[in-house]
Structures are given as C-alpha cells and as structure tokens.
Amino acid sequence: MNLALLEMRRHIGRFVGTSVGVALLFTVVLAMAGIYGGLVDDATVLVRALRTDLWVVQKSTRGPFADISRLDPTLDQRVAGVSGVRVARAFTFQVIERPHGPRSLRFALVGLSWTEDRGRNLPIVSGRSLAQAHGELVADASLGLPIGSIVHLATEDFTIVGLTRQLLASSGDPVVFATTSDAQLITEDLPTDAVRTERERFAARLLLSDVGRTQPVLEDLVRDPRWKPPALASAPFSAILVNVADPSRLSDVRAAISRWPDVVAYSSGEEERFLLDGVVEKPRKQLLLFSIILVFTSSVLISALIYMMTLSKSHDIAVLKLIGAPVTRIAGMVLQQAWLIGIVGYAIAVAVGSQAFPHFPRRVVLTPWTIGGVGVLVLVVSTLASILGVIHALRIDPGRALEA
Amino acid sequence: MDALRAEGISKRYGEGDTLVRALSDVSLRLEAGTVVALLGPSGSGKSTLVKALGLVTLPDTGRIWMQDRLVVDNGRAVASLRELRRRHLGFVFQKPNLIPFMTARQNVAVAAEIGGEPDPFGRASELLRYLDVSHRERSLPATLSGGEQQRVSIARALANRPSIVLADEPTAALDKVRGRAVMELFRRVAHEQQAAVLVVTHDHRTLDLFDVRYELEDGYLRG
C-alpha cells in the first residue's frame, strides 16, 4: 500500500495546487535552460548552415561574428587559386535596421557569393533559393514577411523568394540572405543626413589637402548633391568561405592560407567556439547563474512545502511508528511525496512551456536532452528538499500516538 | 505461558525539585487469554506503564519479558523494540487515532501489512467483519461514528495477530452502552484470539468483565 499516493489522492486539491505552484517555478527554470539552449543554437546555427570548411578572415581578428573583419574585395579570387580549394565564396555580415511601412525591420544581412553560392544549402522550408544576382532575398520566417513580399531597401525593391526557420544571428535577429553585391548595396546605403554629413567631412578633408586647395573644381564635385560620397571604392568582404576538394587536405589548405600576412583561416568548429566564448559568453553565464538561483529557490520552496505537509501528519506518523512501521517506509512516504510534487510539477511545466515558449521573443530551444537533464535535476532537487521532512518524520516519538 | 512479564519497573521524569517518580518498582504479569484492568487516578502513572509495557518508552530500571524472552534488561533494550511492537503488540488509544486519509479497511490493512500479513486486505476485511463494521470498510474515519471508529481501531490493533493488546482508556470517548460493548469486545478478543489484553480504565461499571485487576497509585502497583 502506497501511503504517499493515498494521501495525495485524498487531498487532491491541495496536491494539485501545490504542484501548480511548483510547476510555475519549474517553467521558469525550463525557460532559462531553453533560452540558454536557444542562445547557443542561435549563435552557431548560421555557421553550421553555411556548411563551409574554413573561414578566412582579417589577420588578428576572430572573424565576422565575434569581431569586425574587413577583407580585400579580390581576396576570394586569391583564395580560389590555392591548391586544394574547391570553392571560395565571399561573405558579408552586418546587423541592420530599416523602416518597412509602419514598422521597422531589424535583421542580420548575410551576403552570399553569386554565382558560387545561391543559398541552396540553406535550410529553406518554403520557397526557393536565390535565382538571380539582384533583387531577391531569402529571409527567416521570424522576420514576419511571407514569400512574395516586397521590401524597399537602398532605393531598390527586393522580393522575398525563400523562407528559412529558426535561422537567427547570435543577437537573436532573423538572418536575411542576399547576394554579396545586393548586401553591400543595402548596407552602404546611408540616410540623407548621413550622406550630407559624410559629404561635409569629405569636403573638409579635401580642403586640408594640397590637391583640394589647388583644384577648387574638386570641392564643387564633392558638394554636388548628385554625387554620393564614396565611403570606399569597393566595399570589403567580411570573410571568405572555403570548401576544400579533399577533406584530408584541409590542414594543408589552411596552412597555405595562414602563411599570408593579411588573413587567418579558422575551421567552422573554431568559429563556433569564438561565438560561444566571446559573443554570447556573458549572457550564457548570466542565464546559468539565474538558473542556479531558481533551482535553489525551487529547492527551498519544495522543502518548506514537504516539511509543512510532514508536520501536519506528525500524529499519523507517530501511529505508524507505534505499530512498527519501518524507518524506510516512513522516510519513503515523505520522499515519494516530494518526488510526486516534483514530477507532476515538472510535467505541468513542460506542458505549459511547450505552449508558451514559442511565443517568447527569443528562441527557447527544448531538446530531449534539456528536458531530460532538467527532469533529473528536478528529481535531485525534490530528493534534497525532502531531507528536512524526513528528518522530522524520523524524530517523531511513537509515544505521541498514545497521548490524548 | 505469560504473554508479558515485568519486574521492578521504575521510571522517573525530571530531576531535583521537579523530580516525578512515575513508576516505582512495578511488577506484573499478563497471561494469554485474560483481560486485565489497570485502574488508578489521573497522574498515577498508568500511561507511563502502558508506554513501558508497549516498548515505546524504556524504563529506568527493571526487566520485561515477552513470551518468556527477555527484551528489556535493567532499562536497556536487548532486542529491536520496533520489531517487537510490529510482531507482538497491538495498541488501542483513548481516541481512535485512525489515519484520516485512509478508509477503515486501509487503516486496518496497513497495520496488517506492517505486521507481515501475506494478505493484508483479506485480513482487514476479516477483522472488520469480526467486529461488525464491515459495512463501513470503504468509509473514511471522519464519516464513522465514535463507536465505529473505536471498533476499526480495535481491528487495527488485532491486524498483526498480537499476543498482547494494550488499550489506554479506550472507552473514554464513548457513552455507557458503547463503552460496555467495547469492553465485551476485548473480552471476546482475549478469549477467542488467546491474546493478553491490558485495559487502562476509569470506568468501575465494567469491572465485572475483567479477569484480573491492578490498581496504580503514585507509581506503585497493587494487585
């Protein structure tokens, strides 16, 4: 006869109420674990989605995500000439925010090297990859734009032709793919005020130089509203993505590129690690610490609940001890009740979480490992939380049953 | 054979000015199949004696034998008291003390299960029938009358087939008719189940139902 279950069944209202309270706490614990998982996944999903062997980035930097990397626009051709390289693709990356009708679109714009990379390897769930060099975008569904939507960017119209799902940047912003030339066109497009400011700065710099002072026509040219200040002659790339012809020769290719004075090559694994160790390290630690505090709070709460429940049946426990109930049975009853509250609370938390988490602004990733891991943690917390109750139960004098 | 024998039991509480001699050199025997009354005014040490004989509290001095086996020697346990209570003792309290979240049958069955009965629910049903409360076996204690609760409590005390039943004022909460009915029940249990039954009572109207009477006064026992 299971005494814990019997008592729970008789006091089902109290038990459900307690479990729901505990469930709310566990939902937050689960959310923290899921947000942590989401943060890690978001940080690395783009690196994985691009399916590249090597990332060639500016020397002394850690690549386009963890650090700013500016590469010579001709570098892709230089890398393509290295022995063992199957394909070298230019890559640009920048988080931008642009108005779109009444709302504002914030996204990470990734430039893919046309024609080598049309985004066919991307996890497209609806629509297609890029089919022309200009005017097409593949966007993540979380941007909220359906296929066929027209987005006006940099005085041009771009059409959404494909949708990915859960392809986010480490910042949590949806990723939008375009050809590198379109990406550069969009990112180099400056608001009017910025153009005016840049024009003034350029004219001021010009007047400080001998050329500017001796050739006034140049100043007129710079101040001409039709002239757009060349922020740069040709926009740089953020990285070159390299796929090798023979995976066994990866280290040779890497060594060859790394000998160049202006660049460094990293594997995809290293690039993922830079993201985790650098970009999202502090948020990860923050979430971890917050989760620890929550687990501790849950433990204290369940502990108090179990202790109160044990306290309220002290006389019944005294009767059981008087009639010779073994210690294991008394302790087992308290422990099983803690487990029941923990397990039912956790089951409710998983159910609530699976309904609520998809509506969270940041992605909450609940893998079977996360659910299983937190489940084991819940069992450990419940076990620890029952200790006070068990100690109290074991200290109850059976003689109390004889007292009127 | 003596179901229980006690010799020279003494128990004190407190010390100095607050010293209370609850039991002083108490010796008694409980024979199988007999109903023994333990009388005495409040504070005379009856509950302390029941606790000592029930192996709930150890006396300071004295010896206790259970079915000729020494279990307490000079105030020290020489066997597992919990195990002895589980195997040989049944308790009936002034209040029924039924576990409120269990039905009448479950209350009896849990005691049978703890006592090692192979079919605890069968044993519970059998006892509830024996004590004429089988019609309430699925009822929770709160829905039973005082008399029914006390009968379920007696059934629980018998669940482990004890050789000794200790009852501490079991009729205190019952009226005269029900009180006498319970005492008759103890007599029946003692004779039919060959158990020694010790009943602490204040009720002199039922003394004719007892085989042996002891009276306790200021910790001293008079047979």
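How many of the 10 residues of strand β3 (residues 103–112) of chain A are buried? The count is 7, so β3(A) is largely enclosed by the rest of the structure. Buried means under 20% relative accessible area, exposed over 50%, and partly exposed in between (1.4 Å probe, protein chains only). Helices (H or I, at least four residues) and strands (E, at least two) are DSSP runs, numbered from the N terminus.

The model is predicted: local features need pLDDT of at least 70, side-chain atom pairs count only at pLDDT 80 or more, and totals for chains, interfaces and linings use all residues. Residues are numbered from 1 along each chain as its sequence is written, chains are lettered from A and ligands numbered from 1 in the order in which they are written, and side-chain values use heavy atoms, with hydrogens and water left out.

**View 1. Strand β3 of chain A and its partners.** Strand β2 (residues 85–100) of chain A pairs with β3(A) in the antiparallel sense over 10 bridges. Two strands pair if DSSP finds at least two bridges between them. Here A:P99 stands opposite A:S104 of β3(A). The hairpin of β2(A) and β3(A) has 2 residues between the strands, and A:G101 takes a positive phi near 60 degrees. β3(A) also pairs with strand β8 (residues 175–179) of chain A, in the parallel sense, over 5 bridges. In that pairing A:A108 stands opposite A:V175 of β8(A).

View 2. A:S126 sits in strand β4 (residues 124–127) of chain A. Its relative accessible area is 30%, so A:S126 is partly exposed. Neighbours within four places in sequence aside, A:S126 is in contact (heavy atoms within 4.5 Å) with A:I147, A:V161, A:G162 and A:L163. A:G162 lies 36 residues from A:S126 along the chain, with 5.7 Å between their C-alpha atoms.

**View 3. A nonpolar patch on the surface of chain A.** A:V376, A:V380, A:L384, A:I387 and A:I391 form the patch, with about 410 Å² of accessible area together. Patch residues have over 30% relative accessible area and no salt bridge; like charges are joined within 9 Å, nonpolar side chains (Val, Leu, Ile, Met, Phe, Trp, Tyr) within 5 Å. A salt bridge is a side-chain nitrogen of Lys or Arg within 4 Å of a carboxyl oxygen of Asp or Glu. Areas come from the Shrake-Rupley method with a 1.4 Å probe; for residues, only the protein chains shown count as cover. α14 (368–385) and α15 (387–395) of chain A each supply at least two residues. α14(A) gives the most, with 3. A:I391 belongs to α15(A) and, at 38% relative accessibility, counts as partly exposed.

**View 4. An open sheet of 5 strands in chain B.** The order is β2-β1-β4-β5-β6, with antiparallel pairing. β2 (20–31) and β6 (76–77) of chain B stand at the edges, each with a single partner strand, so one side of each lacks a neighbour in the sheet. Strand β1 (residues 2–13) of chain B pairs with β2(B) in the antiparallel sense over 8 bridges. B:R12 stands opposite B:R21 in β2(B). Helix α1 (residues 46–53) of chain B lies across β1, β2 and β4 (61–66) of chain B, at about 55 degrees to β2(B). Axes are lines fitted to C-alpha atoms, for helices over the stretch in contact; angles run from 0 to 180 degrees between N-to-C directions.
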